[in-house]
Amino acid sequence: MPEFDKIYWQNHWAPAKAGRDQSLPVNPYLPAETAPLAVGSVLDAGCGVGTETLWLAEHGWRVTAADISSTALSTARQRATDAGLDNRIEWVETDLARWEPERRWDLVVTAYAHTDTGQLTFYRRLSSWVAPGGTLLIVGHLHGHHGNGRHDHAHPDEATATPNAIAKLFTDPLWRIDAGYENVRTVHRHGKAVPLHDVVVRAHYGRP
């Protein structure tokens, strides 16, 4: 399994790679799964170059955007400035596997982020940052369907998860699974069509 540490992510978000990834659209699950939610505060955990962060800010959310990579954050912040959205975003450079924030958010979202602790441990940690009445939205790579080495999208099993495995994190009666499914979609990277096998889970914290 790769060491998903700061060095890994600094290399991953090297300027050339960061520039290419700016062309990717927001993942389609973010608009779909946040549509029923009241706009409020949101943590984008593992924001990368800020594609989801910018979409959230454009749609009225007060965003905290956190990532371990200063390279990614620099690119994301410039994009936000260019779009006139920087005043709606707080930027945090941190290791999400060890960060101890002193607040909670109405929405915590993570899209394809990995830490060196494994996915389920990471997702459990994120759940502790959701405010009562809030939502956790997880978009990740589907276990067993994460590339075949022909593209730059291959991931080890430890960096993927199934909807059932994620749902088992939320057996406490204060949690309710509102959505949990798998999906296959195609993105175009470097002139190639790349299939993404995704897992999406949206969970609500606190009794209605």
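A residue is called buried here when its relative accessible area is under 20%, exposed when that area is over 50%, and partly exposed in between, with a 1.4 Å probe and protein chains only. By that rule, 51% of the 208 residues of the protein chain count as buried.

The model on screen is predicted, so local features need pLDDT of at least 70 and side-chain atom pairs count only at pLDDT 80 or more, while totals for chains, interfaces and linings use all residues. Residues are numbered from 1 along each chain as its sequence is written, and side-chain values use heavy atoms, with hydrogens and water left out.

**The whole chain**

Followed along the sequence, the elements come in the pattern α-α-α-β-α-β-α-β-β-α-β-α-β-β. Contacts, meaning heavy atoms within 4.5 Å, can be sorted by separation: among those in the protein chain between residues at least 6 apart in sequence, 68% join residues at least 24 apart.

**The largest nonpolar core**

Next, select Val 42, Leu 56, Val 63, Ile 89 and Trp 91, the residues with the most contacts inside the largest nonpolar core, which has 28 residues. Such a core is a set of buried Ala, Val, Leu, Ile, Met, Phe, Trp, Tyr and Cys residues joined through side-chain atoms within 4.5 Å. The elements that give two or more residues to this core include α3 (29–34), α4 (51–58), β2 (62–67) and α5 (70–82), and the largest share, four residues, comes from α4. Keep Val 42 selected and show what surrounds it: leaving aside residues up to four places away in sequence, Val 42 touches Leu 56, Trp 61, Arg 62, Val 63, Thr 64, Trp 105, Leu 107 and Val 109. Apart from this core lies another, of 25 residues, among them Leu 43, Tyr 123, Leu 126 and Val 130.

**Helix α4**

Now select α4 itself, which is largely enclosed by the rest of the structure, because seven of its eight residues are buried. Those buried residues are Thr 51, Glu 52, Thr 53, Leu 54, Trp 55, Leu 56 and Ala 57. Thr 51 has a relative accessibility of 14%, and its side chain is joined to that of Arg 79 by a polar contact of 3.1 Å. A polar contact is a pair of N or O atoms within 3.5 Å; within protein, one must be able to donate a hydrogen and the other to accept it, and residues adjacent in sequence count only if both atoms are side-chain atoms. Just after α4, Gly 60 takes a positive phi of about 95°.

Move to the loop between β4 and α6 (119–127), which is the place of Tyr 112. Phi of Tyr 112 is near 60°, a positive value in a residue other than glycine, whereas most residues other than glycine have a negative phi. The side chains of His 114 and Gln 119 are joined by a polar contact of 3.0 Å.

Which residues of α6 are buried? They are Gln 119, Phe 122, Tyr 123, Leu 126 and Ser 127. They cover an arc of only 140° around the axis, which puts them on the same side of α6; the arc is that of the directions from the helix axis to the C-beta atoms. These buried residues of α6 pack against β1 (41–45), β4, β5, α7 (163–167) and β6.

**Strands and rings**

Turn to β7, which pairs with β5 in the antiparallel sense over seven bridges, two strands being paired if DSSP finds at least two bridges between them. Val 139 stands opposite Val 200 in β7. Strand β6 (residues 175–189) and β7 also pair in the antiparallel sense, over 14 bridges, and Leu 196 in β7 is the bridge partner of Arg 185.

Finally, show the aromatic side chains, where the structure holds six aromatic pairs. Rings of Phe, Tyr and Trp (its six-membered ring) pair if their centres lie within 6.5 Å, with planes under 30 degrees apart counted as stacked, over 60 as edge-to-face and the rest as tilted. The rings of Phe 170 and Trp 175 have their centres 4.8 Å apart and their planes at 55°, so the pair is tilted, and both residues are buried. Trp 99, Trp 105 and Trp 129 form one aromatic cluster.
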